[in-house]
Amino acid sequence: MGGLISIREGLGKRERYETLLPQVRALVADESDLTANLGNILSALHMTFRFHWTGLYRVVGDELVLGPFQGPVACTRIARGRGVCGTAWVEKRMINVPDVEAFPGHIACSALSRSELVTPIRDERGAVRAVLDIDSELPDFFDAVDESMLAEVVRIIENLRGW
Ligand code: SME
């Protein structure tokens, strides 16, 4: 994956995250523009792990609105409490869905998505201001390593300037 991020071939999943995280911190350290930093973080994740879809929805009033992302075209607006993203927002917790077809109310933006992991992104007072949504074409893809490492990525995102 050209130049700015470098991950050796042959590493396991945890090692890839552990190699990626400091590089992501360095990538955003000297830049204050939120859109630029979000785009690069999402690209680094998407390209490293070959996810199906990697992106953000921002809380705007009573809806989630599509933000920066990598992958196929997606639904632009999700009502509060709807789908995996809307549920993670309302319940203020990470939701790991091993089989999207078994999740009541799952919103199928892409027929290829089989499992997904959604993590709330909070402001300084703890209110959810966005969610990080990652989708895989494989069922049961996300495990405890993804959960803890993506929680770290979300901490980096929460600490970006310009929200
Ligand atoms: N599947 C999500 C909607 C967003 S897309 O997958 C990009 C959901 O149920 O919230």
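This is a predicted model: local features need pLDDT of at least 70, side-chain atom pairs count only at pLDDT 80 or more; totals for chains, interfaces and linings use all residues.
1. The structure holds one disulfide, formed by Cys75 and Cys109, whose sulfur atoms are 2.0 Å apart. The pair joins distant parts of the chain, since Cys75 belongs to the loop between strand E2 (63–70) and strand E3 (77–79), while Cys109 belongs to the loop between strand E4 (95–97) and strand E5 (115–122), and the two cysteines are 34 residues apart. The torsion about the S-S bond of Cys75 and Cys109 is about -125°, so this disulfide is left-handed.

2. Cys85, by contrast, counts as buried at 3% relative accessibility. The closest cysteine sulfur to that of Cys85 is in Cys109, at 7.7 Å, which is too far for a bond, because a disulfide requires the sulfur atoms to be within 2.5 Å.

3. Seven aromatic pairs are found when the whole structure is searched. In one of them, Phe49 and Phe51 are stacked, with 5.4 Å from centre to centre and 20° between the planes, and both of these residues are buried. Phe51 also pairs with Phe142, where the ring centres are 5.8 Å apart and the planes stand at 45°, so this second pair is tilted.

4. Two charged side chains deserve a look beside the rings. Elsewhere, the charged end of Arg80 is placed over the ring of Trp89, 5.1 Å from its centre.

5. Helix H2 has 16 residues and spans 23 Å from its first C-alpha to its last, close to the 22 Å expected at 1.5 Å a residue. At the start of H2, the backbone nitrogen of Thr35 has a side-chain oxygen of Asp33 within 3.1 Å, and just after H2, Arg50 adopts a positive phi of about 55°.

6. The buried residues of H2 are Leu34, Asn37, Leu38, Ile41, Leu42, Ala44, Leu45, His46, Thr48 and Phe49. In an α-helix there are 3.6 residues a turn, so residues three or four places apart point the same way. The elements that cover the buried residues of H2 include helix H1 (13–29), E1, E2, E6 and H4.

7. Val65 is found in strand E2 and is buried, with a relative accessible area of 13%. Beyond its neighbours within four places in sequence, Val65 is in contact with Leu56, Tyr57, Arg58, Val60, Thr76 and Arg77. Of these contacts, Arg77 is 12 residues from Val65 in sequence, with 4.7 Å between the two C-alpha atoms in space.

Notes. Residues are numbered from 1 along each chain as its sequence is written. Side-chain values use heavy atoms; hydrogens and water are left out. Helices (H or I, at least four residues) and strands (E, at least two) are DSSP runs, numbered from the N terminus. Buried means under 20% relative accessible area, exposed over 50%, partly exposed in between (1.4 Å probe, protein chains only). Rings of Phe, Tyr and Trp (its six-membered ring) pair if their centres lie within 6.5 Å; planes under 30 degrees apart count as stacked, over 60 as edge-to-face and the rest as tilted. A charge sits over a ring if NZ of Lys or CZ of Arg is within 6 Å of the ring centre and within 35 degrees of the ring normal. The expected span of a helix is 1.5 Å times one less than its number of residues. Contact means heavy atoms within 4.5 Å. A polar contact is a pair of N or O atoms within 3.5 Å; within protein, one must be able to donate a hydrogen and the other to accept it, and residues adjacent in sequence count only if both atoms are side-chain atoms.
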